[in-house]
Amino acid sequence: MAEALAKISQVQDWGMIQIRADLARAGDAIAGAAGVALPEQGRITTDGSRSLGWMSPDELLLILPRAETAEALAALQDALATEHALALDVSDMRAVFRIQGARALDVLMKLCPTDLAAMPEDGLRRTRAAQVACGIWREPGGYVLIGFRSVTDYLRGILTGAAAPGTQLSPR
Amino acid sequence: MLTLTCPYCGVAAEETELQPGGEAHLKRFGPGSSDAEFEAYLFARKNPKGVHFERWRHAYGCGKWFMAARDTATLQVFGTYSAQTPHPTPEIVAAVQAVRPDWQPDWTPATAETPAESLNA
């Protein structure tokens with residue numbers, strides 16, 4: 001009873017690179033430079049420590065260890081040199097939270113107007129958590145939630161509150 | 001609650017994830033048009049009880065504008081389609097007429113075949 005629904009922890013050591021391009025034209029070049037296969041619509045692909053998420057028809061998000069960011073950014077900019085495209089280091093723009101635990105879904109169900117249980121195993125869903133935009137995907141043992149850094153404290157507050165002990169959605 | 005499927009990312013988004021954009025398929029009357037046309041472009045909007053075409057933006061998602069056809073009285077959604085269309089697509093018209101056989105499009109078929117490029121000229 002006195003245990004929180006899920007363990008909320010903030011991730012500090014991830015880097016993120018935003019890629020905007022015509023994915024049909026530049027998809028292979030991006031996948032090659034990023035080292036991760038191109039995800040399908042609404043999905044995220046993972047290879048080792050890197051993930052590549054589908055954000056919109058012309059936008060991808062590469063998630064990787066922060067130490068590799070500069071090198072990967074240079075590789076992407078080199079691969080996209082002949083395209084009308086953008087690769088940008090947005091590591092400092094985002095806050096990342098891990099929601100780990102058997103009832104992690106309960107926490108997110110309270111905050112998002114989304115059927116996350118029906119999300120595919122490798123799905124990436126952009127939605128809102130209470131009042132702010134966020135992106136959610138699965139990882140072993142729970143979920144990852146990304147939001148804007150400017151609302152980090154707000155996100156931590158609503159996630160911790162939604163995970164308060166004894167507030168699970170199923171009958172007690 | 002209104003749930004629309006974004007044609008760009010395939011997500012069934014709930015109303016609070018979307019931003020409403022008002023009536024769809026407005027034709028702009030700018031410099032060179034008459035005062036009456038300009039006023040109508042700015043202010044005159046359809047307010048039907050029944051079939052209506054609207055613009056919506058997937059604000060808490062991919063951020064793209066798209067079009068939706070729905071019934072303002074029953075809230076039934078007939079479908080969503082790309083914003084890069086000068087008129088509702090034949091599939092949308094068929095979906096509306098499957099439910100309301102007496103409903104007729106209020107645009108002429110000749111302009112319905114006009115490619116989007118010529119409208120931007």
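The side chains of A:Arg43 and A:Asp122 meet in a salt bridge, at 3.0 Å from N to O. A salt bridge here is a side-chain nitrogen of Lys or Arg within 4 Å of a carboxyl oxygen of Asp or Glu. The count between domain 1 and domain 2 of chain A is one salt bridge. This is a predicted model, in which local features need pLDDT of at least 70, side-chain atom pairs count only at pLDDT 80 or more, and totals for chains, interfaces and linings use all residues. Residues are numbered from 1 along each chain as its sequence is written, and side-chain values use heavy atoms, with hydrogens and water left out.

Now the two domains. Domain 1 of chain A covers 7-11 + 93-162, and domain 2 covers 14-91. These bounds come from an automatic or database domain assignment. The C-alpha centres of the two domains lie 22 Å apart.

Next, the interface. In domain 1 of chain A, 13 residues are in contact with 14 residues of domain 2. Contact means heavy atoms within 4.5 Å. The buried area is about 1300 Å², and carbon and sulfur atoms give 63% of that. Buried area is the accessible area (1.4 Å probe) that two parts lose on being put together, summed over both.

Which strands each supply at least two residues of the domain 1 side that touches domain 2? They are β7 (94-100), β8 (124-129) and β10 (142-148) of chain A. Strands are DSSP runs (E, at least two residues), numbered from the N terminus. The largest share of this side, three residues, comes from β7(A).

Key
Chains lettered and ligands numbered in written order. Helix = DSSP H or I, 4+ residues; strand = E, 2+ residues; numbered from the N terminus.
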